[in-house]
Amino acid sequence: MCTSDLPGEGALVGRMTPHVMEAARARGADRDPVLRQRLAHLDMMERVFQYTSVRNAASVASGKPGVSGSIVKLLRSDLARLGREVGMEVLGAHGLVAKSAMSGGTIQHFALSSPYTSIAGGTDEIQRNIIAERILGLPREEAADRDRPFREVISGTQATGKSGAGKIGRAHV
């Protein structure tokens, strides 16, 4: 199976358990009690993700989406990390081989593409802020530069001193 035959990034989030279970059986790792608990946890979290996604789709269809999309996004990121960890744990050293006979490269492809889920659609931190402000009613994070134009925002990449004032990317030494 070549990489173009594999599902797109994120397509396996919520559907990794069958692939991981197949690899665990092939290695005989499905008899390890600790790994069995991790596999059960992965399966349980995938089901929670699927039900929450259905609930989110229903709220969007009703015209009242709220912040359930942020919750689904966070669940997706957490599930991607869990699927990556359990999948690579099951493969062990076979996970270093691009097209392991145990997964045809599906688990490795998923493991390599899983970090994008924490970034795509807004970072996990942004989603947590949305949940904190809109669901929990917490105050907005303080920001000293909130009312300043971007060009006036001081960042760590701007030089200091007379010779480098205003030049971005050059540190004054």
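A crossing is left-handed if the near helix is turned anticlockwise from the far one by less than a right angle, and right-handed if clockwise. With that in mind I looked up how H2 and H3 meet, and noted that H2 passes H3 in a left-handed crossing.

Before going further I wrote down the terms of the model. It is predicted, so I kept in mind that local features need pLDDT of at least 70 and side-chain atom pairs pLDDT 80 or more, while totals for chains, interfaces and linings use all residues. Residues are numbered from 1 along each chain as its sequence is written, and side-chain values use heavy atoms, with hydrogens and water left out.

Helix packing. I took helices as DSSP runs (H or I, at least four residues), numbered from the N terminus. Helix H2 (residues 33-61) packs on helix H3 (residues 68-91) at an angle of about 155°, with the axes 9 Å apart; axes are lines fitted to C-alpha atoms over the stretch in contact, and angles run from 0 to 180 degrees between N-to-C directions. H2 and H3 are therefore roughly antiparallel to each other, a label used for angles over 145 degrees.

I then turned to H3 and helix H5 (residues 124-134), whose axes come within 9 Å and cross at roughly 140°. This crossing is left-handed as well. From H3, Ser70, Ile71, Lys73, Leu74, Ser77 and Arg81 meet Asp124, Gln127, Arg128, Ile130 and Ile131 of H5, where contact means heavy atoms within 4.5 Å.

Salt bridges. I found six in the structure, each a side-chain nitrogen of Lys or Arg within 4 Å of a carboxyl oxygen of Asp or Glu. One of them joins Arg38 and Glu89 at 2.8 Å, N to O; since Arg38 lies in H2 and Glu89 in H3, the pair ties together parts that are 51 residues apart in sequence.

Another joins Asp124 and Lys73 at 3.3 Å, N to O, and because Asp124 lies in H5 and Lys73 in H3, this pair also ties together parts 51 residues apart in sequence. I checked accessibility here (buried is under 20% relative accessible area, exposed over 50%, partly exposed in between, with a 1.4 Å probe and protein chains only): Asp124 is buried at 4%, and Lys73 is buried at 9%.

Within H3, Arg81 and Asp78 meet at 2.6 Å, N to O, and are separated by about one helical turn, being three residues apart. Arg81 is partly exposed at 24%, and Asp78 is partly exposed at 38%.

Definitions and conventions. Helices (H or I, at least four residues) and strands (E, at least two) are DSSP runs, numbered from the N terminus. Angles under 35 degrees count as roughly parallel, over 145 as roughly antiparallel, 65 to 115 as roughly perpendicular and the rest as oblique.
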